[in-house]
Amino acid sequence: MDGRPYTGRCGHPACFRRGFVLHLKTSKHAGDFHLDSLPEGRIDLLARVCTNAFFMSFGVRRNSVFAASLAPPDPKKERRSGYGAKQGDQTCPGAALAPTVDRDADGKAAAKRCRREPPGDVSGPPPAAVGTVLCIDGNAVKHLRPDERNTAALIKRLLDPPAPNARKIADHAKRHGMSIEDAGAAMAAKNNQCVAGLSHKAGGLLDALAAAMELVGRGTSGAPFVLLLHEKGVELSLLLEARARDSGDGALFPNGVVLVVGDNVGLSEAEQLDLVDSLRAGGVPFATASLGAQPLLASQCVAISHYLLDRYHVCERRA
């Protein structure tokens, strides 16, 4: 270490950043999941892939990036529920038309009144479904833990931030001797610190790939190399050996590498063609790589890819 701030690369000539992109088709929308039922929406799969992307024994891979494309909500389900307006933990059709009620003072009345309100006009077409792109930078993340529940809780905190609680804010203000406004700002800042290194935006698979490429290629002179994992691709170990011979003593991937994996459903043929067309149009170097003819779990693909990439360079361990 030379005292310079770490940017995801250790400074070694052979160092390169690596990113993983997961396309999750069966996900819940924008944090709408329960920590006690992670398999619903395959949030358990999302958490496992995220864990394998970053964690090693007693350490975090600071040179790794993870991005996920979370499927948009089912328009038919949103249509049946009045576009998903909520009152507390209960979905209430037409809740947006209900009069405002102080839930702390009369929570039961609020829920009862919401149920009695007629549903809003849902006769027209539902709004266009938009997915969510989740992105995690290993160099900036602070509160990620290597178990599924804590990882899912952190993702939920980002996608569905806890609503301000007047009682907690008042207690915080009294305990620290500050105004209500300052206490609210302090609690909001604490939540932002909890999700440091995580970000999200609307988008799909191509947006998730672009986000991962932007983080992996930051500070380099070109676009990262993209590897599309598929059973019918070139054996990844052979592809890496060929690149190592061509690179000499330099980095295997001077601008970094991004690997795209599918979920339990996998990428459709149309999605694969869209990816290839987009990469070709942007002049991005890519290849289709395989980890064997036998289909593997997405989390296993990430772990095996790390193992193969670690053969060529491993950054110095950092806290």
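**Around leucine 45**

Author: Start with leucine 45. Leaving out residues up to four places away in sequence, leucine 45 touches Leu22, Leu24, Asp263, Asn264 and Ala298. Keep in mind that this is a predicted model.

Reader: Which helix is leucine 45 in?
Author: Leucine 45 sits in helix α1.

Reader: Buried or exposed?
Author: Leucine 45 is buried, because its relative accessibility is 8% and the cut-off for buried is under 20%.

Reader: What does leucine 24 touch?
Author: Setting aside neighbours within four places in sequence, leucine 24 contacts Gly41, Arg42, Leu45, Leu46, Ser69, Leu70, Ala71 and Asp263. Take aspartate 263: leucine 24 is 239 residues from it in sequence, but the C-alpha to C-alpha distance is 5.5 Å.

Reader: And Arg42, where is that?
Author: Arginine 42 lies in the loop between β1 and α1. Its phi is near 55°, a positive value in a residue other than glycine.

Reader: New topic. What share of the chain's contacts join residues at least 24 apart?
Author: The figure is 80%, counted among contacts between residues at least 6 apart in sequence.

Reader: How many helices and strands are there?
Author: The protein chain has ten helices and eleven strands.

Reader: What percentage of the residues is buried?
Author: Of the 319 residues in the chain, 41% are buried.

Reader: Pockets next. What is the volume of the second largest pocket?
Author: The second largest pocket has a volume of about 630 Å³.

Reader: How many residues line the second largest pocket, and which lie nearest its centre?
Author: The lining has 32 residues. Leu229, His230, Glu231, Gly262 and Gly266 lie nearest the centre.

Reader: What classes are in that lining?
Author: There are 17 nonpolar, ten polar and five charged residues.

Reader: Which element gives the largest share of the lining?
Author: That is α9, with five residues. Elements that each supply at least two residues include α1 (43-54), β9 (225-235), β10 (257-262) and α10 (298-310).

Reader: What is a disulfide, in general?
Author: A disulfide is a covalent bond between the sulfur atoms of two cysteines.

Reader: Is cysteine 50 buried or exposed?
Author: Cysteine 50 is buried, at 1% relative accessible area. Cysteine 301 is at 12%, so cysteine 301 counts as buried too.

Reader: Now something else. Where is proline 162?
Author: Proline 162 is in the loop between α4 (148-159) and α5 (166-176).

Reader: Why is proline 162 called exposed?
Author: Because its relative accessible area is 53%, and exposed means over 50%.

Reader: How far apart are proline 162 and alanine 188?
Author: They are 26 residues apart in sequence and 9.5 Å apart in space, C-alpha to C-alpha.

Methods
Residues are numbered from 1 along each chain as its sequence is written. This is a predicted model: local features need pLDDT of at least 70, side-chain atom pairs count only at pLDDT 80 or more; totals for chains, interfaces and linings use all residues. Side-chain values use heavy atoms; hydrogens and water are left out. On a 1 Å grid over the protein atoms alone, a cavity is a set of points where a 1.4 Å probe fits but cannot get out, and a pocket is an open set with protein on both sides within 12 Å along at least five of seven lines; lining residues have an atom within 4 Å of a point. Grid points are joined across faces, edges and corners, and a volume is the space filled by probe spheres set on the points. Helices (H or I, at least four residues) and strands (E, at least two) are DSSP runs, numbered from the N terminus. Ala, Val, Leu, Ile, Met, Phe, Trp, Tyr, Cys and Pro count as nonpolar, Asp, Glu, Lys and Arg as charged, and the others, Gly among them, as polar. Buried means under 20% relative accessible area, exposed over 50%, partly exposed in between (1.4 Å probe, protein chains only). Contact means heavy atoms within 4.5 Å.
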